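Student: I have a structure to study today. Can we go through it by question and answer?

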Amino acid sequence: MNKELVDQVKEYVAAHREEILKKYEEFINLKDFWRDAEDVTIVAQWLKKEFDAEGFQCELIDVGPKAGKLVMGTLGTDRPGQAILFSGHMDTALASDLYSENPFRIEEGKAYGPGVLDMKGGILISLYVVKALNAIQYQERPLKVLFAPDEEGLHSYTQVADFIQQNSAGCLFALNMETGLVNNYLAVGRKGRLGIDVFVEGKSAHAGADFLAGISSIEEMAHKVLHFQALTDLEKDTTVNTGVIQGGTIPNAVPAKCMCSLDIRFKTMDELTRVRTAVKEICEKNYVAGTTCTFQELNLFTPFETHDEIMALFEFMEKTAKRYDLPETAPAQVGGCSDATYIQLAGTPVLCSCGVRGEWNHTLREYAIIESLYERICWYSAAVIDAAEFKF
Ligand SMILES: [Zn+2]
């Protein structure tokens with residue numbers, strides 16, 4: 001308990017409310033749709049400048065031509081103890097031409113604009129945690145930041161997922177500054193996701209004249225789809241959804257080709273293994289003689305599993321909120337994926353949805369609650385100050 005220091009943080013935040021909003025506006029007005037690598041790099045340079053001004057030594061890391069640069073840096077490399085990591089992504093989900101129709105603005109305590117919630121607001125919180133801690137001359141342990149350039153693109157063209165895992169190891173804990181939940185809950189678990197495209201080939205023939213010469217890819221796929229769907233296990237929260245199916249060309253031909261796309265969601269690696277193995281078996285099995293089948297896995301996001309160290313970190317954050325009169329929290333399970341999974345795989349306890357609170361990310365209705373910026377800067381600064389009490 002360090003009430004005096006946390007009170008100083010609260011005073012710092014109260015004295016900088018306007019400045020924080022100006023910085024928010026400047027940040028949001030930098031476009032950074034994930035596909036526009038050069039725009040994302042401009043944001044990375046802006047963040048490097050901001051964090052370096054606070055004493056960080058940030059690097060801009062090249063992750064290939066299809067994504068902007070990644071930002072990573074540490075403040076206080078000579079400080080004792082394990083670092084605390086603030087992580088997230090710089091890129092936004094909506095195309096940059098939407099900026100003119102949805103510019104940054106504040107209405108009735110809410111901020112609007114691309115990325116206000118997902119998740120530039122969260123990065124702004126981490127910047128002001130650093131500023132507030134510097135203002136009170138905090139020097140106890142290193143602070144680290146790591147911001148990915150292509151999370152909205154699911155790291156499809158880069159090795160950023162592996163990079164996050166390698167570079168988040170050894171930290172005391174991490175807060176992933178993703179989209180905050182409107183009710184102030186923190187995410188202690190998220191589902192993983194795997195896409196699989198399945199391709200069946202048969203043989204085309206005239207449906208009237210040569211019916212027996214044909215081999216129906218659609219008939220084969222129909223069998224397979226029923227088996228794919230049956231892999232859903234609602235008790236374990238595993239779902240298998242055949243979201244796309246395409247096949248055949250005209251009604252009066254036996255169809256030679258059919259494909260489908262599966263979206264698989266799961267909470268544990270065990271469930272991923274179960275479904276993955278079963279899909280492979282279904283693909284290899286023939287229901288209609290003479291058909292062949294291939295499949296391709298796409299965009300694997302491993303799950304963020306609710307292990308004991310995650311709950312220990314949650315309880316520490318909950319206690320921190322209570323003791324300094326900050327808004328109450330509770331643990332939440334979230335359906336969507338995030339990079340928290342890679343931090344967990346590195347063995348670092350992590351919580352997700354730590355960003356500014358709001359709703360409707362990935363839409364033009366996206367908004368963030370301004371007051372939650374201030375509350376969370378205080379909350380996470382207090383967690384850093386009291387970090388010695390977090391033990392697992
Ligand atoms: Zn996000």
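Student: Is Asp-237 buried, partly exposed or exposed?
Tutor: The model is a predicted one. Buried means under 20% relative accessible area, and exposed means over 50%. Asp-237 has 29% relative accessibility, so the residue counts as partly exposed.

Student: Where does Asp-237 sit, and what is its phi?
Tutor: Asp-237 is in the loop between helix H6 (217-229) and strand E11 (239-247). Most residues other than glycine have a negative phi. Asp-237 is not a glycine, yet its phi is positive, about 65 degrees.

Student: What about Ser-353: is it buried or exposed?
Tutor: Ser-353 also has a positive phi, about 60 degrees, without being a glycine. Its place is the loop between strand E16 (350-351) and strand E17 (358-359). The relative accessible area of Ser-353 is 1%, so this residue is buried.

Student: Which residues donate to the zinc ion?
Tutor: Look for protein atoms lying 1.9 to 2.4 Å from the zinc ion. In sequence, the donor residues follow the spacing H-x28-D-x59-E.

Student: Why is the arrangement around the zinc ion irregular?
Tutor: Four donors count as tetrahedral if all angles lie between 85 and 135 degrees. Ideal tetrahedral angles are 109.5 degrees. Here the arrangement is irregular because the four donor atoms subtend angles of 54 to 146 degrees.

Student: How many residues apart are Asp-118 and Glu-178?
Tutor: Asp-118 is in helix H4 (residues 116-135), and Glu-178 is in the loop between strand E7 (173-176) and strand E8 (186-190). The pair links distant parts of the chain, 60 residues apart.

Student: Are Asp-118 and Glu-178 buried or exposed?
Tutor: Asp-118 has a relative accessible area of 5%. Glu-178 comes to 6%. Buried means under 20%, so the cut-off settles it. Asp-118 is buried, and Glu-178 is buried.

Student: Which residue does a cis peptide bond join to Asp-118?
Tutor: Most peptide bonds are trans. The bond in question has an omega of about -10 degrees.

Student: How many disulfides does the structure hold?
Tutor: A disulfide needs two cysteine sulfur atoms within 2.5 Å. The sulfur of Cys-293 is 3.9 Å from its closest cysteine sulfur, in Cys-283, so it is too far for a bond. For Cys-58 the closest is in Cys-171, 14 Å away, again too far. The count is zero.

Student: How much area do domain 1 and domain 2 bury between them?
Tutor: Domain 1 covers 3-190 + 303-389, and domain 2 covers 192-301. In contact are 14 residues of domain 1 and ten residues of domain 2. Of the buried area, 64% is on carbon and sulfur atoms. The total is about 960 Å².

Student: Which residues of domain 1 lose the most area to domain 2?
Tutor: Three residues together account for 52% of what the domain 1 side buries. They are Leu-154, Pro-303 and Cys-337.

Methods:
Residues are numbered from 1 along each chain as its sequence is written. This is a predicted model: local features need pLDDT of at least 70, side-chain atom pairs count only at pLDDT 80 or more; totals for chains, interfaces and linings use all residues. Side-chain values use heavy atoms; hydrogens and water are left out. Donors are N, O and S atoms within 2.8 Å of the metal (3.2 Å for Na, K and Ca); water is not among the atoms, so sites may look incomplete. Four donors count as tetrahedral if all angles lie between 85 and 135 degrees; four count as square planar and six as octahedral if opposite donors are over 155 degrees apart and all others between 65 and 115; anything else is irregular. Helices (H or I, at least four residues) and strands (E, at least two) are DSSP runs, numbered from the N terminus. Buried means under 20% relative accessible area, exposed over 50%, partly exposed in between (1.4 Å probe, protein chains only). Domain bounds come from an automatic or database domain assignment. Contact means heavy atoms within 4.5 Å. Buried area is the accessible area (1.4 Å probe) that two parts lose on being put together, summed over both.
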